[in-house]
Amino acid sequence: MRSSLVPLGPPVSQDRVITSFPKCYTPAACLQLREHFHGQVSIACQRRSTGTVGLRLSKVVVVGDLYVGKTSLIRRFCRNVFDRNYKATIGVDFEIERFEVAGIPYSLQIWDTAGQEKFKCIASAYYRGAQVIITTFDLTDLQTLDHTRQWLEDALQENEPGTCFLFLVGTKKDLLSGAACEQVEVEAVRLANEMEAEYWSVSAKTGENVKAFFSRVAALAFERSVLQDLERRSSAWPQVGNGDLIRTCRNGGTSARDPGQREALQPGLLLAEPASEASVPDPARAVPPVAWRVAWPC
Ligand SMILES: Nc1nc2c(ncn2[C@@H]2O[C@H](COP(=O)(O)OP(=O)(O)OP(=O)(O)O)[C@@H](O)[C@H]2O)c(=O)[nH]1
């Protein structure tokens, strides 16, 4: 179903339309194993009640050593091109990529940052406000994998704890045989788990896994945005006063109205809707959430 929201620009191309939840690369290092959208998100999308999500951009920051292939990865995805000549990124650059996720328009702003040390201070100024951090390394150069810890630490320093999805991505997959790649991946998966990141390996040259990877990024970021929006709205309606309206409860409780929805939420996440539009309070007088509780189930 095409979205009825936000007719900004031309419709997104068919390969940016995400209808079912994209699979992870390996369950051994994966942010979530579900193969469908969170029940609350599906309902919100069906009802077109995803708030401002369709109007917002989610910020994705790509970091990693120089020459690992950050620019090439982004260019392969956004423009479907590959250039074998190296041109260092100076500071930062970004692309905006539009999607339609579960019928809702959604955009990623993908920031390409410089890997060269001399540009690092410029690039790091753009880490703030990221919803997704992609830490990249070259599968043919293990030193670049060692450095990912530091890249991640630097990027996390600029963001609130627990607010970013983390990915560890091995690049230049085409340069390794299957066996050699698997060998590197053992270590990469171990590190990804340590970082609480999802692991992927890709090739910008052949395009292998590139679209699947960014679709996964978009779906995860979209789902979180919708859940945050629902939580924000539920916090703005503190006096629900009707148990029937609470469709997802603490500790993964099930819905009074939708008993089929058995999605587990993190303790403390409470989602509710007002009885009708008339009960929506004046936003200026709404009680803001005491603190964001952003921790997502696998
Ligand atoms: N064979 C192969 N080469 C790649 C791949 N991705 C990138 N390269 C090459 O690796 C070199 C570096 O790629 P870039 O994308 O410019 O690297 P970068 O990480 O953006 O570098 P900085 O901007 O300096 O941080 C270029 O010569 C690319 O052609 C890949 O998937 N396969």
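Let me start with strand S5. S5 is mostly covered, with six of its seven residues buried. Buried means that 20 or more other C-beta atoms lie within 10 Å of the residue's own; exposed means 12 or fewer, partly exposed is in between, and C-beta atoms are placed from the backbone. Strands here are DSSP runs of E, at least two residues, and helices are runs of H or I, at least four, numbered from the N terminus.

A word on the source. This is a predicted model: local features need pLDDT of at least 70, side-chain atom pairs count only at pLDDT 80 or more, and totals for chains, interfaces and linings use all residues. Residues are numbered from 1 along each chain as its sequence is written.

Now the confidence. pLDDT is the predictor's confidence in each residue, from 0 to 100. The chain has a mean pLDDT of 80, and 76% of its residues reach 70 or more. Two stretches stay under 50. One is residues 1–7, with 13 contacts beyond four places in sequence. Another is residues 239–298, with 79 such contacts. A contact needs C-beta atoms, placed from the backbone, within 7 Å. For the complex, the predictor gives an ipTM of 0.99 and a pTM of 0.79.

The chain overall. It has seven helices and nine strands. Of its 298 residues, 40% count as buried. Take contacts between residues at least 6 apart in sequence: 75% of them join residues at least 24 apart.

Back to the sheet. Seven strands form an open sheet, in the order S1-S3-S4-S2-S5-S6-S7, with mixed pairing. Strands S1 (17–18) and S7 (198–201) stand at the edges with a single partner strand each, so one side of each has no neighbour in the sheet. Pairing requires at least two DSSP bridges between two strands.

S2 and S5 pair in the parallel sense over five bridges. There, Gly64 stands opposite Thr136 in S5. On to S6: S5 and S6 are also parallel, over seven bridges. Ile134 has Phe167 in S6 as its bridge partner. Then S6 (residues 165–171) and S7 pair in the parallel sense over four bridges. Leu168 is partnered with Tyr199 in S7.

Which way do the S7 residues point? Glu198 and Trp200 point one way, Tyr199 and Ser201 the other, and all are buried. In general, side chains in a regular strand alternate between the two faces of the sheet.

H1 covers residues 39–46. Six of its eight residues are buried, so H1 is largely enclosed by the rest of the structure. The buried ones are Gly39, Gln40, Val41, Ile43, Ala44 and Cys45. After H1 comes Arg48, with a positive phi near 55 degrees.

H2 (residues 70–79) lies across S2, S3, S4, S5 and S6. H2 runs at about 155 degrees to S4. That angle is between N-to-C directions, on a scale from 0 to 180 degrees, with axes fitted to C-alpha atoms, for helices over the stretch in contact.

Last, the ligand. Which element gives the most to the shell around the ligand? H2 does, with three residues. Of the 23 residues around the ligand, Gly69, Thr71, Ser72, Thr89 and Gly115 come nearest. A residue is near if its C-beta atom, placed from the backbone, lies within 6 Å. By class, the shell has eight nonpolar, nine polar and six charged residues. Nonpolar covers Ala, Val, Leu, Ile, Met, Phe, Trp, Tyr, Cys and Pro; charged covers Asp, Glu, Lys and Arg; the others, Gly among them, are polar.
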